[in-house]
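Take a look at the model shown here. This report goes through the chain contact and then the sheets.

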Amino acid sequence: MGEPSFRSGVSSVNPYEGRFGTSTSTDYRGTFFDAHPELEGKVWVHHAVEQQTLTRYPGVVTESEIHSLENLRGIPNEINPEVHLSNIRKEWNQFYRQNPAPTQQQLLQKATEIDLKYGWRFTPPVGG
Amino acid sequence: MKYFFMEPEVAGGLGKNTIMDRSTHPPIVSKLHYEFDGWLGDAILESFPSFIVTDEARRNLQAVGATGAAFGTVEITASESLRERQPGLKLPAFVWLQVKGVAGRDDFGIAQDGRLVVSERALDILRPLGLSHADLSNFGEP
């Protein structure tokens, strides 16, 4: 997330990019709340790259990557209906319509685009 | 008759029991499993390439002889998150809306870009049953 880098006296900021980690558990809510126990009951845990990509695009992403902490977002309960249930799901639905066979990188690019658009409203915020 | 592009509410996604042929696009679904992860209350829902409607909507659409639509069985489940957060949630009965019509001619059709196209008549049926979260834009009058 936006670590400054310096080269030849010129500073730049690395652009934000969503990414996967690995998880040994499919209990993604447990994974998220282990990392952010103070948020339990306050946020809806959402997969940045949606879980259903496992069904839609078999072999592109693993279950371990999908449920990794790096792919989980906390959406405050009070904005979940508007942000998660409506806007984000529709964005992914359009992506599925337009992308018959995306690569893992393309899935992450879409997740990044969504993070940059809505991530400032997540808890904790993401997207730089 | 007026026709509209419709992007319905997306209340979840394709569940793991969905069977589809991905060798074509849009993929051909032979068994539909829709997993809810929340529901804002609309009577027609999408998870590309499939649509579902409440059974009440089906009855009303069939009563007026809506064209371009067939109906089938859908397996409905609630996600783990939804079950934990809203344990008392009762979903109405839903059926699979299989769109087989021609966009701009039938009450239900699919445009070249894959979006759903519905007639004004179909909208008039669906609106009173819940359509607050669908995006609509003009398809034009052929």
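## Where the chains meet

This is a predicted model. The contact draws 16 residues from chain A and 15 residues from chain B. On the side of chain B that touches chain A, strand 2 (12-14) and strand 6 (44-47) of chain B each give at least two residues. That side of chain B holds 8 polar, 4 nonpolar and 3 charged residues.

## The four-stranded sheet

In chain B, 4 strands make an open sheet in the order 6-7-10-8. Their pairing is antiparallel. Strand 6 and strand 8 (69-72) of chain B are at the edges. Each has a single partner strand, so one side of each lacks a neighbour in the sheet. From one strand to the next, the twist averages 35°.

Look inside this sheet next. Strand 7 (residues 50-54) and strand 10 (residues 94-99) of chain B pair in the antiparallel sense over 4 bridges. Phe51(B) has Leu97(B), in strand 10 of chain B, as its bridge partner. Helix 1 (residues 55-63) of chain B lies across strand 6, strand 7, strand 8 and strand 10 of chain B. This helix runs at about 90° to strand 7 of chain B.

## The five-stranded sheet

Another open sheet in chain B has 5 strands, in the order 11-12-13-1-14. Here the pairing is mixed. Strands of a sheet pair through backbone hydrogen bonds, either parallel or antiparallel. The edge strands are strand 11 (101-102) and strand 14 (135-138) of chain B, and each pairs on one side only.

Strand 11 and strand 12 (residues 108-110) of chain B run parallel, joined by 2 bridges. Gly101(B) has Gly109(B), in strand 12 of chain B, as its bridge partner.

Note on methods
Residues are numbered from 1 along each chain as its sequence is written. Chains are lettered from A and ligands numbered from 1 in the order in which they are written. This is a predicted model: local features need pLDDT of at least 70, side-chain atom pairs count only at pLDDT 80 or more; totals for chains, interfaces and linings use all residues. Two residues are in contact if their C-beta atoms, placed from the backbone, lie within 7 Å. Ala, Val, Leu, Ile, Met, Phe, Trp, Tyr, Cys and Pro count as nonpolar, Asp, Glu, Lys and Arg as charged, and the others, Gly among them, as polar. Two strands pair if DSSP finds at least two bridges between them. Axes are lines fitted to C-alpha atoms, for helices over the stretch in contact, and angles run from 0 to 180 degrees between N-to-C directions.
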